[in-house]
Amino acid sequence: QPDYVVGLATKLCQRRATVLTTAFAATAASLGASAVAVGHPVSQRLLEGDRSRAMQQFHWSSDLPTVLVMGGSLGAQRLNDALVAALPQLLPQMQVIHQTGAGKLVAGVSEPNYHPVEFLRDELADAYAAADLVVSRAGAGALAEIAALGKAAILVPLPDSPQGANAAEFARLNAAVVLVQPSSDELANAILGLLGDESRRLAL
């Protein structure tokens, strides 16, 4: 059971299952004695990223903070739009790696501190390693990666989905800041606020 909220498939399987595994400890506690919190699988390769290699890949300076923005493998159009609108406030002070999703690169946006890419594959581990802050949807896979790597995160959950409860649990555990459908100004303020507060980032 990867998400915080128990899905119908899990409920149906639980009737016959001897052991039921969950990503979230609180989910296991709600399912009774047969449930065990084991976490969500994460690729070993993601734990082997290198910040200096990322700086070389993206031709960036190690003197500026780096923000990694991911809207999931398909991209998140509203998050993409908010980020692009916020770039004038962000880029003078940071570098941004932006996974846009397939076919969602924004035409006409070319800035030296902005690196948009449809999908991060082999570069993902290095992008994570370079990131001082991650902005992401709140799918189970992304959250497992963020937690395993100990990254400070701003979560923007997909509305009307299990991601809302996933993000709320991370916020309850003081592991992320959650924004619901933020405007470009709200997103920029949250990013700038966390980059300016090292103790808060470390706590997350």
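Modeller: The axes of helix α4 (residues 77–90) and helix α8 (residues 184–195) cross at roughly 60° and come within 8 Å. Axes here are lines fitted to C-alpha atoms, for helices over the stretch in contact, with angles from 0 to 180 degrees between N-to-C directions. This is a predicted model, in which local features need pLDDT of at least 70 and side-chain atom pairs count only at pLDDT 80 or more, while totals for chains, interfaces and linings use all residues. Residues are numbered from 1 along each chain as its sequence is written, and side-chain values use heavy atoms, with hydrogens and water left out.

α4 and α8 are therefore oblique to each other (under 35 degrees counts as roughly parallel, over 145 as roughly antiparallel, 65 to 115 as roughly perpendicular, the rest as oblique). Their crossing is right-handed. On the α4 side the contact (heavy atoms within 4.5 Å) includes Leu79, Ala82, Leu83 and Leu90; on the α8 side, Leu187, Ala188, Ile191 and Leu192 are among the residues involved. The contact residues divide into 10 nonpolar, three polar and one charged.

As for the strand, five of the five residues of β4 (residues 95–99) are buried (under 20% relative accessible area, 1.4 Å probe, protein chains only). Gln95, Ile97 and Gln99 lie on one side and Val96 and His98 on the other. β4 pairs in the parallel sense with β3 (residues 66–70) over five bridges and with β5 (residues 114–117) over four; pairing requires at least two DSSP bridges. Ile97 is the bridge partner of Leu68, and Val96 stands opposite Tyr114 in β5.

Notes
Buried < 20%, exposed > 50% of the residue type's maximum accessible area, 1.4 Å probe, protein only. Helix = DSSP H or I, 4+ residues; strand = E, 2+ residues; numbered from the N terminus. Left-handed = near helix turned anticlockwise from the far one by under 90°. Nonpolar A, V, L, I, M, F, W, Y, C, P; charged D, E, K, R; others polar.
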